[in-house]
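I opened my notebook to look around one protein chain, a bit at a time. Here is the structure, followed by my entries.

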Amino acid sequence: MTVHNSRAKTMGAFLKSRRERLSPEDAGLNFSSGQRKTPGLRREEVAILAGVSATYYTWLEQGRELSASREVIESIANALQLSPDERGHLLQLWNPYEPDPNAASPAPPAAVDSQLQKIIDQVAYPSYITNKRTEVLAWNEAASRMLTDFASIPAEERSLIRLAFENEQLRRRIVNIDEFASYGVAVFRTHYDKHRNDPWFETTVEHLIQSSEEFNRLWKPYEIRLKKLDRVILQPSASDTPVAYDIRPLANLSDSPDLHICVYMPAAVDKKD
């Protein structure tokens with residue numbers, strides 16, 4: 001499969017999703033009149049708020065290749081009342097100094113160095129290593145015991161984004177699975193947009209939309225979050241007491257920026273006076 005969504009078209013789709021989310025009242029537009037055929041703001045209303053022409057904003061949302069200035073992008077971000085994460089995502093999509101959007105994305109690592117495996121094997125808490133696709137490349141015994149039996153899952157199905165919706169053992173053991181899945185989709189969306197020339201992302205999204213009604217519902221709002229969920233509650237069996245863990249990255253252990261090493265550390269107990 002070939003992915004044809006350029007940076008400009010991806011940014012246009014993102015702008016459209018944020019515009020449709022914002023009501024005229026929330027934007028302070030009390031003069032809006034007439035029957036509204038689409039949800040949220042109209043394009044011309046965003047243009048007024050951002051101080052640009054309606055035609056120019058329409059072209060941006062249509063995905064035309066324009067050389068918009070950072071000032072214009074910032075004005076549009078303000079008009080759409082983007083969150084800090086959403087603003088950062090928009091700027092990343094706009095950045096003209098990114099690599100050629102038509103160039104194929106290099107494949108992420110499909111395996112890890114044996115030394116990294118030895119490191120997580122020595123950790124007493126659930127730990128695993130993923131790549132930018134969220135594919136789980138390595139894990140320790142505690143991860144298999146507390147999360148799911150990773151070794152029994154075919155490699156092509158062993159990505160966190162798929163496991164969060166398709167692996168019943170994982171879903172049963174994560175007490176706050178709804179929060180885990182919601183955050184997972186919002187973070188995955190940033191990877192999807194950033195690596196839009198990697199066909200794996202498009203194929204995975206299409207598969208999950210067909211296989212999971214929950215994923216489809218969470219994917220449609222186009223939520224963006226750069227900060228991963230940092231608290232997860234695990235309960236391996238019904239007879240076990242649920243335990244809260246903080247998800248902590250192990251930095252500077254790999255030369256590859258595409259590898260992510262995560263350790264689930266027992267959460268500190270809040271003491272009350």
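**Entry 1: a tyrosine to begin with**

Is Tyr183 buried, partly exposed or exposed? I looked it up: Tyr183 is partly exposed, with a relative accessible area of 25%. The cut-offs I wrote down are under 20% relative accessible area for buried, over 50% for exposed, and partly exposed in between, with a 1.4 Å probe and protein chains only. I found Tyr183 in helix H10 (residues 177-194). Tyr183 and Glu223 are 40 residues apart in sequence, and their C-alpha atoms are 9.0 Å apart in space.

**Entry 2: what I am looking at**

I noted that this is a predicted model, in which local features need pLDDT of at least 70 and side-chain atom pairs count only at pLDDT 80 or more, while totals for chains, interfaces and linings use all residues. Residues are numbered from 1 along each chain as its sequence is written, and side-chain values use heavy atoms, with hydrogens and water left out.

The chain has 12 helices and 5 strands. Helices (H or I, at least four residues) and strands (E, at least two) are DSSP runs, numbered from the N terminus. Of its 273 residues, 45% count as buried. I also looked at contacts, meaning heavy atoms within 4.5 Å. Among those between residues at least 6 apart in sequence, 58% join residues at least 24 apart.

**Entry 3**

A reminder to myself: an α-helix has 3.6 residues a turn, so residues three or four places apart point the same way.

Next I checked how the two helices meet. The axes of H2 and H3 come within 8 Å and cross at roughly 115°. Axes are lines fitted to C-alpha atoms, for helices over the stretch in contact, and angles run from 0 to 180 degrees between N-to-C directions. H2 and H3 are therefore roughly perpendicular to each other, a label that covers 65 to 115 degrees (under 35 is roughly parallel, over 145 roughly antiparallel, and the rest oblique). From H2, the contact uses Arg43, Glu44, Val46 and Ala47, and from H3 it uses Ala54, Tyr57, Thr58, Glu61 and Gln62.

In what order do the strands of the open sheet stand? I read the order of the 5 strands as S2-S1-S5-S4-S3, with antiparallel pairing. Two strands pair if DSSP finds at least two bridges between them. S2 and S3 stand at the edges with a single partner strand each, so one side of each is left without a neighbour in the sheet. From one strand to the next, the twist averages 30°. Helix H6 (residues 114-121) packs on the sheet, where it touches S1, S2 and S5, and its direction makes about 50° with that of S2.

I then followed single pairings. Strand S3 (residues 231-234) is joined to strand S4 (residues 243-249) by 4 bridges, and Ile233 stands opposite Ala244 in S4. S4 pairs with strand S5 (residues 260-266) over 5 bridges. In S5, Val263 is the bridge partner of Arg248, and Tyr264 stands opposite Ile247.

Thr134 has a positive phi of about 70° although it is not a glycine. It is found in the loop between strand S1 (127-130) and strand S2 (136-139), and at 14% relative accessibility it counts as buried.

Tyr222 also has a positive phi, near 60°. Tyr222 lies in the loop between helix H12 (213-219) and S3, and is buried at 7% relative accessible area.

Which residues does Arg18 touch? Leaving out residues up to four places away in sequence, I listed Leu80, Leu82, Glu86, Pro221, Tyr222 and Glu223. Arg18 lies in helix H1 and is buried, with a relative accessible area of 0%.
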